[in-house]
Amino acid sequence: MIDDVGLPTDGSLHVVYSLDLLVCSEPHPLDLLAAEAVAENWQREIAANPALFNGRTILQRQIRYSDGHLTAEGHVSSFATFLWWRRQAGLAGACHLFGYPVIVSSDGALIAVEMAPYTANPGQVRRRFARSFRCCRRALRHRG
């Protein structure tokens, strides 16, 4: 089954060969529609974790993937809006796009990190990513 982005819903990894990322100048629609709810949620978030920082981030409004090409449209938003959005049932109104390097040891092992206690995801490691890595690595070898 394919989701609305164009990716299989099984959580498998897919190689991205090219990107087309647009950052729009206007505010993200959620910043305008949910400002009060975002502010209330931010107070709960920092009460639970005072080390959080409400910095600027790019919150995507639309992401599409097809044949190794990723396109996305995002807006400069706040970390508070992102944290509020990810707590919403159905996750409507935004998309999350995050990239980071993957380190592979000489014996083929994936080197992952655990999120620090002061982050918004303390103790998490992306295990699904680690399990899916083999298929991604085969695709990279095939591509050269």
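**Figure 1. The open sheet of the predicted model consists of three strands in the order β1-β3-β2.** The pairing within this sheet is mixed. The edge positions are taken by β1 (residues 18-24) and β2 (residues 56-66); each has a single partner strand, so one side of each is left without a neighbour in the sheet. On average, and with direction ignored, neighbouring strands of the sheet are turned by 25 degrees against each other.

**Figure 2. Strands β2 and β3 form a hairpin.** The two strands run antiparallel and are joined by ten bridges, with β3 spanning residues 69-78. Two residues lie between the strands. In the turn, D67 adopts a positive phi of about 50 degrees. Y65 stands opposite L70 of β3, and I63 has A72 in β3 as its bridge partner. In a regular strand, side chains alternate between the two faces of the sheet.

**Figure 3. Helix α3 packs on the sheet.** This helix comprises residues 79-86 and touches both β2 and β3. The direction of α3 makes about 115 degrees with that of β3.

Figure 4. The buried residues are A80, T81, F82, L83, W84 and W85. Their cover includes two helices, α1 (residues 29-33) and α2 (residues 35-48). Strands β2 and β3 also contribute to the cover of these buried residues.

**Figure 5. The overall fold contains four helices and five strands.** Along the sequence, these elements follow the pattern β-α-α-β-β-α-β-β-α. The protein has 144 residues, of which 27% count as buried. Of the contacts between residues at least 6 apart in sequence, 64% join residues at least 24 apart. The accessible surface of the protein comes to about 9,900 Å², and carbon and sulfur atoms account for 56% of this area.

Key. Residues numbered from 1 in each chain as written. Predicted model: local features only at pLDDT ≥ 70, side-chain atom pairs only at ≥ 80, totals over all residues. Heavy atoms only, no water. Pairing = 2+ DSSP bridges. Axes fitted to C-alpha atoms, helices over the stretch in contact; angles between N-to-C directions. Contact = heavy atoms within 4.5 Å. Buried < 20%, exposed > 50% of the residue type's maximum accessible area, 1.4 Å probe, protein only. Areas by Shrake-Rupley, 256 points an atom, 1.4 Å probe, with all protein chains shown as cover.
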